[in-house]
Amino acid sequence: MGLTFSAERKLEEIHRRHGREFGKVVQKLLALTFMELGYRLAEERAVQGVDIDVLCEKRRRKMSFEVKTCQGERVSIAEKDVEGLRTRHEVDGYEPYFAFLFRPHYIGEGWIIIPGARIKKGEYSCMRLASWNESELSERVNKEFSKTVERVYKDLMSCSPGGAQALLKRKYGI
């Protein structure tokens with residue numbers, strides 16, 4: 001299950017307002033979603049390196065996410081993306097994941113979360129990745145992400161274009 005219709009509409013409006021920083025905004029909303037799900041945010045990197053590291057003490061899990069937001073049907077994975085996740089796993093023991101959000105498929109797919117070992121350098125279609133989806137985790141994330149979008153929507157629409165990342169950092173600590 002993907003995102004709610006309301007969240008999809010709001011994401012489109014956020015994209016129209018903050019197009020240049022949309023990918024980073026959505027990444028921060030995903031990190032905020034994990035916090036809402038009870039994870040502790042170890043790191044969220046707007047630049048360089050794996051994008052999000054989260055910890056769940058209750059489940060004794062450490063997870064790293066390389067986040068990809070896509071404007072079409074296909075996404076390219078670079079060697080640095082694969083290598084970054086591999087390093088987080090080998091050095092610090094994080095479970096590696098890719099998290100994909102394809103703009104034309106918000107409602108049908110929402111976040112597609114895939115264990116990092118399944119993805120190699122190359123180009124992938126949305127539908128192929130959807131068939132590898134880590135469904136239980138993706139369903140929990142998509143349900144909460146829709147709520148996160150609803151909660152922060154007014155703030156994101158009230159700030160000036162180009163100011164969304166600063167707003168999220170100032171108001172939500174992310």
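A polar contact, as I use it here, is a pair of N or O atoms within 3.5 Å; within protein, one must be able to donate a hydrogen and the other to accept it, and residues adjacent in sequence count only if both atoms are side-chain atoms.

Ground rules first. This is a predicted model, with local features needing pLDDT of at least 70 and side-chain atom pairs pLDDT 80 or more, while totals for chains, interfaces and linings use all residues. Residues are numbered from 1 along each chain as its sequence is written, and side-chain values use heavy atoms, with hydrogens and water left out.

I looked up the fold. The protein chain has six helices and seven strands (DSSP runs, H or I of at least four residues for helices, E of at least two for strands, numbered from the N terminus). The order along the sequence reads α-α-β-β-β-β-α-β-β-β-α-α-α.

Then I checked the extent and the burial. The C-alpha trace spans about 40 × 30 × 30 Å along its principal axes. Buried residues (under 20% relative accessible area, 1.4 Å probe, protein chains only) make up 51% of the 174 in the protein chain.

Next I went to Lys68, which sits in strand 3, residues 61-70. Is Lys68 buried or exposed? I put Lys68 down as buried because its relative accessibility is 16%. Its side chain makes a polar contact with the side chain of Asp81, at 2.8 Å. Leaving aside neighbours within four places in sequence, I find Lys68 in contact (heavy atoms within 4.5 Å) with Val75, Ser76, Ile77, Asp81, Ala99, Phe100 and Leu101.

Conventions:
Buried < 20%, exposed > 50% of the residue type's maximum accessible area, 1.4 Å probe, protein only.
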